[in-house]
Amino acid sequence: MFVGRYGIRTFIAFTHDFIAIAAAWWLAYLLRFNFQIPASSVLFLLETIPWIVLVQGGFFLWLGLYRGLWRYASLPDLKRIFIAVMAGSTAVILLLGLSGSLVKVPGAVIVLAPLLLMFIMGGSRLIYRAWKERRLYGLESPEAKLVLIIGAGSTAVNLVKALTGSREWHVVGMLDDDPRKYGTRLQGIRVLGKIGELPHWIHKLNVEHVIIATPSVSRRIHRQALEICSELGVKAMTVPSYADLINGKATVSNIREIQLDDLLGRAPVVLDDEGLHGLLTEKVVLVTGAGGSIGSELCRQLATFAPGRIVFLELNEYALYNVQEEFTARYPEMKMSFVIGDIKDQERMVQLFEQYHPVVVFHAAAYKHVPLMELGNACQALLNNVLGTYVLAQVAIRFGVEKFVLVSTDKAVNPVSVMGATKRLAEMVCQALQQSIQKDHAHRTCFVMVRFGNVLGSTGSVIPKFQEQIAKGGPITITHPDMTRYFMSIPEAAQLVLQAGLMGGTKGGGEIFVMDMGDPVRIVDLANDLIHLSGLAEGDIRIVYTGLRPGEKLHEELLAANENTYPTPHQKLRIAQARQVDEQWLAGLVAWLDKITVLNDQEVRDQLTNWVPEYSRKEIES
């Protein structure tokens, strides 16, 4: 009956402990009498040991000593053994005292018996665990991959614990730059030395994999480890990001290959969740350009705040189809509408706003490819990026939208390209509309502009192009060896757009938020990072420099010469004090835009110079 209720393993463990109780008392008597127990003591022990075993065994059951498995025995299990043994021993002493037999038990036995019992019970469990792990995951698992861990902090320790029960990995050492940890053992794994000694230990221990177990480590460490591993033909991996670990989206055992995001070394974004829930939860939100990289990621981030409905507005049918497939599968319970439309089409925009009545609009639709917009498509960039923004914004004001968030770019700062100039012009349109609203108290729309740099992996960006070139064996084409850009991940960019949208309006609306983009990254370094991530060395793929393309800057800027910023409560967002425009300026711009049918590239550039004084074509012409 006992076996049926608790299982064969529990029965074996319970039997072991019963025997251990008897053995501990017998051994205590042997030690007390120098292994020559008097006949009277032997007789007394034989008479009392059954009662002692029953009492202490009963306490073991009562205190739940058999709920765990021996192969996972740990410090909490040893604590439970200590409590159970002490409680049972106290009960035995009381029982012997009440029966008048306590005087027959030597004092040394009363002290030694529980100590010996704890040693036998705890020691046997730990020995079994060590044997089990060695048999399953040690020398008898030749398929286990030898791995070095970079880092010796809490994440690394948790990783070692997680890998203890893995057939796939066998940790042979840890590396850390804290000299106090050198030579110490964490979870039985020795800290061998500093991170710079990685090549030495790779050769000495013949490891095949390196895992970076410091999710908040600088990008320098990630890049250093990646370069070394690439040169030595060793696979470099990492644990999930700090944000994913904190949010419970992943555990340290979810080891993955290093990604380009890791090499940026950017701290996770902290969002005002309560404020964003107030802005978005159960509200209808419209996202333009919803099929693009930024637009679709904005929708993913929005979904976490349970909006009443997300309206996906996109001109590209195939892009809209793709996001529809993703979101209907991923969020089956959420209300969503997938609509095709051109933001320049005022009647279509009015129809959509009448149907859905969005409360918040995120305007991510734009033509953004710099060289493509520079040659042969300048007029379309002007109409889409500027006139489209004006049409959409006017409709938003008419239907009482609370927040209108324009996704802008650092290329709008001192622009040298048509794309950058049209995005700056779109910012100015929103600024002018905000001024007109402040005078007309009948409207309540708050305009917010958000500038940021390049995002990793966005459609048409340099990353997919480099990856495709590497897959073909090269060469990688880069315009200039000194070219730099500001980069952030797509999720980070989208999260900061949401945060800026929430914060906009504290200064009356019309603010231009500038993201903390960190340090600029050399494009050639980015190319080398991708080569390493592909498991190749720098010399394996040739890099060719082709010269600056039309409209390209060597270095992007986050602020114009006449712009200053002031801080916000969020450490990654500042507000730019940009040049203002008024309603009269806007009226003139709209009158000009209404007259446009077709303009050639040169005519567009000439007109942009008039409307955007900071626009310069010096680098294009040189």
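This is a predicted model: local features need pLDDT of at least 70, side-chain atom pairs count only at pLDDT 80 or more; totals for chains, interfaces and linings use all residues.
Buried residues, meaning those under 20% relative accessible area with a 1.4 Å probe and protein chains only, make up 51% of the 622 residues in the chain. Residues are numbered from 1 along each chain as its sequence is written, and side-chain values rest on heavy atoms, with hydrogens and water left out.

The chain holds 23 helices and 22 strands, taken as DSSP runs (H or I of at least four residues for helices, E of at least two for strands) and numbered from the N terminus. If we take contact to be heavy atoms within 4.5 Å, then among contacts between residues at least 6 apart in sequence, 77% join residues at least 24 apart.

Let's turn to a pair of helices. The axes of helix 12 (residues 293–303) and helix 13 (residues 317–330) come within 12 Å and cross at roughly 10°; these axes are lines fitted to C-alpha atoms over the stretch in contact, with angles from 0 to 180 degrees between N-to-C directions. Helix 12 is therefore roughly parallel to helix 13, a label for angles under 35 degrees. Ser296, Cys299 and Arg300 from helix 12 meet Val323, Glu326, Phe327 and Arg330 from helix 13. By class, this contact has three nonpolar, one polar and three charged residues, where Ala, Val, Leu, Ile, Met, Phe, Trp, Tyr, Cys and Pro count as nonpolar, Asp, Glu, Lys and Arg as charged, and the others, Gly among them, as polar.

Met336 lies in strand 10 (residues 336–340) and is buried, with a relative accessible area of 16%. Its C-alpha atom is separated by 9.4 Å from that of Val284, 52 residues apart along the chain.

A cavity here is a set of points on a 1 Å grid over the protein atoms alone where a 1.4 Å probe fits but cannot get out, and lining residues have an atom within 4 Å of a point. The count comes to one cavity of 30 Å³ or more. The largest cavity is lined by Trp25, Ser89, Val92, Ile93, Ile110, Ala113 and Pro114, with helix 4 (75–98) and helix 5 (107–137) each supplying at least two residues. That lining divides into six nonpolar, one polar and no charged residues.

Terms used: Angles under 35 degrees count as roughly parallel, over 145 as roughly antiparallel, 65 to 115 as roughly perpendicular and the rest as oblique. Buried means under 20% relative accessible area, exposed over 50%, partly exposed in between (1.4 Å probe, protein chains only). On a 1 Å grid over the protein atoms alone, a cavity is a set of points where a 1.4 Å probe fits but cannot get out, and a pocket is an open set with protein on both sides within 12 Å along at least five of seven lines; lining residues have an atom within 4 Å of a point. Grid points are joined across faces, edges and corners, and a volume is the space filled by probe spheres set on the points.
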